[in-house]
Amino acid sequence: MRSLRTQTLLIISITLAVAGVLAYGVLFRAMKRSNDQISLLVDSVKQNANARAEAISLKKLVDDVGPDIKKIDSYYIAPDGTVDFIEMIEQLGRDAGVTAEISRVEIHPIASSNTTEKLYLTVSFTGTWKSQVHFLSLLESLPYDLYFSRLSVINESHSDTPSKSLWQGKADLEILKLH
């Protein structure tokens with residue numbers, strides 16, 4: 001009887017030990033899966049936090065360079081600003097005391113740029129020598145990337161009084177314009 005009882009206790013002990021090992025294995029596996037999921041969530045949160053910090057940094061950078069971008073853009077004619085620019089030149093002529101007339105308007109793409117193109121204008125202007133010089137200085141001082149590719153000024157009236165004689169001017173201009 002003693003042997004039977006010992007055998008029963010041994011079998012129960014072995015069964016409990018195997019059950020304990022199996023339970024430990026199941027718990028270990030569950031904990032490992034939970035740990036892996038937590039690691040994935042922590043990595044995801046870190047990536048989101050880094051992306052958010054980068055987005056905030058980029059927004060701050062854009063806000064910081066915004067005025068500089070506007071200043072640089074002001075050196076170019078706006079994409080829809082050709083007519084306004086021509087009207088401004090004509091108004092500068094009136095302000096300077098010359099009659100300014102645009103006789104050629106052409107827009108050509110620049111092969112090396114996908115954001116700018118060149119506006120070609122031919123401006124004819126008539127007025128006194130002083131008003132011609134004033135008009136040219138106004139054109140030259142415009143805050144645009146403006147280039148005189150050709151300029152001619154001819155005395156048309158052949159007057160004895162140079163200050164009262166009429167001069168005929170013609171200028172070919174090249175100006176950078178945004179697409």
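The model is predicted, so local features are given only at pLDDT of at least 70 and side-chain atom pairs only at pLDDT 80 or more, while totals for chains, interfaces and linings use all residues. Residues are numbered from 1 along each chain as its sequence is written, and side-chain values use heavy atoms, with hydrogens and water left out. Helices (H or I, at least four residues) and strands (E, at least two) are DSSP runs, numbered from the N terminus. Buried means under 20% relative accessible area, exposed over 50%, and partly exposed in between (1.4 Å probe, protein chains only). Contact means heavy atoms within 4.5 Å.

**Helix H2**

- The 15 residues of H2 should span 21 Å at 1.5 Å a residue, and its end C-alpha atoms are 21 Å apart, which agrees; the expected span is 1.5 Å times one less than the number of residues.
- Buried positions in H2 are Thr82, Phe85, Ile86, Ile89, Leu92, Gly93 and Ala96.
- These buried residues fall within an arc of 115° seen down the axis of H2, so they line one face of the helix; the arc is that of the directions from the helix axis to the C-beta atoms.
- An α-helix has 3.6 residues a turn, so residues three or four places apart point the same way.
- Exposed Val83, Asp84, Arg94 and Asp95 sit on the face of H2 turned away from its buried side.
- S1, S2, H3, S3 and S4 are what the buried residues of H2 pack against.

**Helix H3**

- Ser131, Gln132, Phe135, Leu136 and Leu139 are the buried residues listed for H3.
- They cover an arc of only 135° around the axis, which puts them on the same side of H3.
- Lys130 and Glu140 are exposed on the face of H3 turned away from its buried side.
- The cover over the buried residues of H3 includes H2, strand S1 (99–109), S2, strand S3 (146–155) and strand S4 (167–178).

**Packing of H2 on H3**

- The axes of H2 (residues 82–96) and H3 (residues 129–140) come within 9 Å and cross at roughly 145°; axes are lines fitted to C-alpha atoms, for helices over the stretch in contact, and angles run from 0 to 180 degrees between N-to-C directions.
- From H2, Ile89, Leu92, Gly93, Asp95 and Ala96 meet Ser131, His134, Phe135, Leu138 and Leu139 of H3.

**Single residues**

- Glutamate 117, in strand S2 (residues 116–127), counts as buried at 12% relative accessibility.
- Beyond its neighbours within four places in sequence, glutamate 117 contacts residues including Ile107, His108, Ile175 and Lys177.
- Serine 124 also lies in S2 and counts as buried at 17% relative accessibility.
- Glutamate 140, in H3, is exposed with a relative accessible area of 60%.
- Tyrosine 144 lies in the loop between H3 and S3 and is partly exposed, with a relative accessible area of 24%.
- Tyrosine 144 and tyrosine 76 are 68 residues apart in sequence but 5.6 Å apart in space, C-alpha to C-alpha.
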